[in-house]
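Student: Could you take me through one part of this model up close? I'd like to look at how charged side chains pair up.

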Amino acid sequence: MFKSAYESGLNLSDIKTIIKATEWQINFHQLNTNSTFSLIFMKKKITPKKNKNMLLGIKINNLGKIYYAIRANNGNFYDINGLNKSKMIMNFSFFKKYRISSHFNLHRLHPITHHIIRHLGVDLAMPEGTIVLATSDGKITKTAFDQISGFYIVLNNQNQYTTKYMHLKKILVKVGQKIKINQKIALSGNTGRTTGPHLHYEIWINKHAINPVHARSNFIEPLTKKELSSYFKISKIILSKLK
């Protein structure tokens, strides 16, 4: 398949995009040599003299089994049902609902202690008692309380990343419990060392804390109902052109 892709004029960057768009559906090492593929690209002007290919859709036929990946408005790829079952799928919808009152900052001046202390997540201002949803599938590895974090939850995903939820009012899950994305796991609160009600949220990858705002580009977000409606309109056009 990759030889055919090169012969059709695609470059290495294009091929990497194809792999990323479909790798959650297909093991490329097990593709039959007679597999066929159809692609739709759009030329995107980078500079007056330079264009870049932007993949809009792909259809792969592997011994009669058909796989599709269509680009949504958010830049991610989904199948014909608007789904992406990647292990790196994560829901960041709370960023759209709640204001970030304190950002990820390795040199933050703490508002209570007035000392420079690393702030390894983001604080989302929300009323006490707000339902907290799991941002990914995973397993609860810890629920506890301490004077700084208050009541908190640690959710581990098999794909080497962990999410943490702190300053909770009430924990609704138990250690060892398997969790699905968007499942209710807690009520937000004002416990521990805080200046007001909020949810402190962290993402750790391979034991390193990363900025949740920047991390969004590393994960796939599920489409909302509104986004799904738009996606199906786009995919209908693209699917009609993929042969």
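Tutor: Start with lysine 96 and glutamate 227, whose side chains meet in a salt bridge, with 3.5 Å from N to O. This is a predicted model, so keep in mind that we're reading a prediction. The two partners sit 131 residues apart and tie together distant parts of the chain: lysine 96 belongs to helix α3 (residues 94–97), glutamate 227 to helix α5 (residues 225–241). Why do such pairs form? Side chains of opposite charge can pair when their charged atoms come close.

Now, is lysine 96 buried or exposed? Lysine 96 counts as exposed because its relative accessibility is 52%, and the cut-off for exposed is over 50%. Glutamate 227, with a relative accessible area of 28%, is partly exposed.

The structure holds two salt bridges, so let's visit arginine 108 and aspartate 123 as well. Their closest N and O atoms are 3.9 Å apart. Here the link runs between strands, from arginine 108 in β6 (residues 105–109) to aspartate 123 in β8, 15 residues apart. Both of these residues are buried.

Of its 24 lining residues, the closest to the centre are Arg108, His110, His119, His167 and His200. Several strands supply at least two lining residues each, including β8 (122–125) and β12 (161–171). If you sort that lining by type, you get eight nonpolar, 11 polar and five charged residues.

How values were computed:
Residues numbered from 1 in each chain as written. Predicted model: local features only at pLDDT ≥ 70, side-chain atom pairs only at ≥ 80, totals over all residues. Heavy atoms only, no water. 1 Å grid on protein atoms, 1.4 Å probe; cavity = no way out; pocket = protein on both sides within 12 Å on 5 of 7 lines; lining within 4 Å. Helix = DSSP H or I, 4+ residues; strand = E, 2+ residues; numbered from the N terminus. Nonpolar A, V, L, I, M, F, W, Y, C, P; charged D, E, K, R; others polar. Salt bridge = Lys/Arg side-chain N within 4 Å of Asp/Glu carboxyl O. Buried < 20%, exposed > 50% of the residue type's maximum accessible area, 1.4 Å probe, protein only.
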